[in-house]
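Subject: Structure for your review

Dear colleague,

Please find below the structure that I am handing over to you. My notes on charged side chains follow it.

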Amino acid sequence: EIRPDDPGLRVARATLHAREGKLAAALAELEPDPGDDESGPSAGVRSDSNAVLEKGRILDRLGRYDEAFACFDEAKRLAREITGKSYLDRHAREIAGRLRQFFVSDRLRLMPMASVREGSAQPIFIMGFPRSGTTLAEQALSGHPRISAGDELPFINELSDTLPRLFGSPLSYPEALAELWMGDNRRGPEALRDTYLQKAKLRGVIKQGDTYFTDKMPLNEMHIGLISLIFPRSPLIHILRHPLDVVLSAYSHHLTHGYFCAFALETIAQHYALVMDLVHHYRAQMALRYLPVRYEDMVADMSGSVRRMLDFVGESFDERCVNFHNNRRLPHTPSYAQVTQKLYDRSRFRYRHYRKHLEPVIPILKPVMDRLGYVLD
């Protein structure tokens with residue numbers, strides 16, 4: 001039996017109120033009840049990390065930024081305490097280092113690549129760190145009658161896990177890809193390509209008449225090397241956003257992608273920098289069909305950004321892509337509420353309200369900011 005003061009129920013009511021613009025009512029759901037003490041009925045809200053995080057997001061919309069950030073801090077502390085999880089930094093650095101060492105131009109020149117499978121819709125890989133704007137890009141592109149939304153497809157990660165067995169290699173990924181040099185495995189990329197497309201078909205992603213479908217699994221950009229072997233002609237659309245906005249937004253949500261980096265502010269920044277450094281490496285070593293698109297540009301000129309993405313993909317402009325809020329599909333991400341509304345710009349450069357709280361991560365992010373052309377103001 002669910003009690004009226006159950007934290008989950010109160011969070012749900014608060015979220016509904018906030019979505020309707022009733023911010024005072026939303027905040028009231030997550031405040032202690034009048035006269036309640038530390039052990040009273042509303043104590044569960046204070047110790048529930050989801051409730052505290054939602055309260056922080058509501059305070060943010062009310063312009064109470066210091067209080068909001070205190071809630072984010074407390075929510076993450078509670079989450080670490082309850083789950084015992086923290087960033088797997090050593091593992092993340094190890095796999096990134098191995099990918100960087102394996103995917104170099106001299107080796108890649110010797111490796112076979114898959115051809116395009118004729119008669120099948122092809123994937124568009126929408127890449128980007130969680131909370132960078134990938135859902136917005138997918139919602140826009142999937143408004144096109146020949147592009148369907150695949151959402152977050154786990155297939156690239158699954159292939160990276162199974163390819164050593166597929167190639168009969170004693171090595172792990174990515175080193176097992178060296179088996180592609182052997183005669184028996186020269187068609188390995190085609191086998192991986194066909195496995196990916198079959199998985200998409202079985203999931204119902206590909207619709208009749210589609211020429212493309214999207215795959216916006218967060219942090220697929222870690223695997224740009226593998227993707228380029230399987231789908232060398234597939235569009236890679238990388239959504240970029242001011243790094244401080246990305247880190248702040250990730251901190252205000254519970255996310256599991258990225259080796260549990262989102263449990264602390266500094267580790268979000270560390271993983272963001274690690275991933276972006278790896279992307280920089282791939283771009284230097286490989287000829288990629290790669291298009292960077294800024295979230296800020298999408299917000300400022302959605303029509304222009306959509307035209308640019310569709311031109312890159314090779315599809316004609318369609319007005320339905322701009323009116324993405326009319327798209328009936330419901331994304332399965334924390335951004336689902338935003339992308340079913342008309343475009344707004346309150347999330348652009350949101351970090352400015354939190355500048356003093358973000359000081360610890362600025363040195364971590366500054367090299368990436370400089371490389372991407374983002375400034376501090």
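Which side chain of opposite charge is nearest to Glu296, and how many Å away is it? The model is predicted, and in it the nearest such side chain is that of Arg294, 5.1 Å away. Glu296 is buried yet has no salt bridge. A salt bridge requires the nitrogen and the carboxyl oxygen to be within 4 Å. Glu296 is part of helix 14, residues 295–300. Leaving aside residues up to four places away in sequence, Glu296 touches Leu240, Arg241, His242, Arg348, Phe349 and Tyr374.

Elsewhere, 23 salt bridges are counted by this rule.

Glu67 pairs with Arg64 in a salt bridge, with 2.9 Å from N to O. Glu67 is partly exposed because its relative accessibility is 37%, and Arg64 is partly exposed at 32%.

Glu81 and Arg77 form a salt bridge whose closest N and O atoms are 3.0 Å apart. Both residues belong to helix 5 (residues 65–83) and are four residues apart, about one turn of the helix. With a relative accessibility of 58%, Glu81 counts as exposed, whereas Arg77, at 33%, is partly exposed.

Glu158 and Lys199 also form a salt bridge, at 2.9 Å from N to O. This pair links distant parts of the chain, 41 residues apart: Glu158 lies in helix 9 (residues 155–166) and Lys199 in helix 10 (residues 188–202). Glu158 is partly exposed at 28%, and Lys199 is partly exposed at 28%.

Finally, salt bridges with shared partners join Glu74, Arg77 and Glu81 into one network.

Yours sincerely

How values were computed
Residues are numbered from 1 along each chain as its sequence is written. This is a predicted model: local features need pLDDT of at least 70, side-chain atom pairs count only at pLDDT 80 or more; totals for chains, interfaces and linings use all residues. Side-chain values use heavy atoms; hydrogens and water are left out. Helices (H or I, at least four residues) and strands (E, at least two) are DSSP runs, numbered from the N terminus. Buried means under 20% relative accessible area, exposed over 50%, partly exposed in between (1.4 Å probe, protein chains only). Lys and Arg count as positive and Asp and Glu as negative; His and the chain ends are not counted. Contact means heavy atoms within 4.5 Å.
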